[in-house]
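Reader: I would like a close look at one part of this model. Please take the salt bridges and go through them slowly.

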Amino acid sequence: MTTTDDGGNAGTPLLPEAVRALPYSWGAGFGWPPETEESPENLALARAVLEACLPAAPLATPEPPPEVRAKDLGEGEDLPDWVEARAVLRALMPYARDVTRERMAEAEARCARAGLDTTDFTARWTRRISAWIAQEVLRWCGLMVDDTTALTPWATDLAERYAHRGVAAEQAVWLLRLTPELPGSHEALTRLAHDGGLPAEVRELAAEADTGAGPGR
């Protein structure tokens, strides 16, 4: 399938159609503005994006990687390559609809010239971009949606599956913690807390008893 981007350039999309409909830019981290209306259309988009970004099986390496800030680095320690690579991709693909095979190839070429790691570039970065997008959708659902009945029954199941599959796992757990009134939320947290296959920090986050801790709604 070939599409035409806003600049009139043909490209082969790498993200599902539902994800390409996302109107929020990568420059803003794909974040959903706090004032986003809890309309049926936006809730349907949130669900469709989460369903489309969920991988069929757990990832070998969780995505996305934890954010790294220069001030947190030790003396003589550099930012990891992926931070610089992300800047290259973000400039070439400001919106989800811009994530095309052709732009990804250009990003890979630029990263290679800069001496950055380009191993499995297209697959790895498509997964990573999907994970950042899913993370922000989960954040909006957990923090900003006041009418949590609108998240029933799909949000609990999707959040648990995201945590199990290693994609935006911590944000998925936070969605469950911040919506204890959702049917099955407590049970999902219990299962995650006892899943030995998950990273320790994800299990611990799920196991913490105070579901009101952390970022407020």
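Author: The model is a predicted one. It holds eleven salt bridges. Side chains of opposite charge can pair when their charged atoms come close.

Start with Glu106 and Arg110, whose side chains meet in a salt bridge at 2.8 Å, N to O. Both belong to helix H4, residues 101-113, and because they are four residues apart there, about one helical turn separates them. Glu106 is partly exposed at 31% relative accessibility, and Arg110 is also partly exposed, at 35%.

The next pair is Glu160 and Arg191, with 2.7 Å from N to O. Glu160 sits in helix H6 and Arg191 in helix H8 (residues 185-193), so this bridge ties together parts that lie 31 residues apart in sequence. Glu160 has a relative accessible area of 11%; it is buried because the cut-off is under 20%. Arg191, at 45%, counts as partly exposed.

Arg177 is buried, with a relative accessible area of 0%, whereas Glu208 is partly exposed at 41%.

H7 gives the most, with four. The space in this pocket is about 540 Å³.

Note on methods
Residues are numbered from 1 along each chain as its sequence is written. This is a predicted model: local features need pLDDT of at least 70, side-chain atom pairs count only at pLDDT 80 or more; totals for chains, interfaces and linings use all residues. Side-chain values use heavy atoms; hydrogens and water are left out. On a 1 Å grid over the protein atoms alone, a cavity is a set of points where a 1.4 Å probe fits but cannot get out, and a pocket is an open set with protein on both sides within 12 Å along at least five of seven lines; lining residues have an atom within 4 Å of a point. Grid points are joined across faces, edges and corners, and a volume is the space filled by probe spheres set on the points. Helices (H or I, at least four residues) and strands (E, at least two) are DSSP runs, numbered from the N terminus. A salt bridge is a side-chain nitrogen of Lys or Arg within 4 Å of a carboxyl oxygen of Asp or Glu. Buried means under 20% relative accessible area, exposed over 50%, partly exposed in between (1.4 Å probe, protein chains only).
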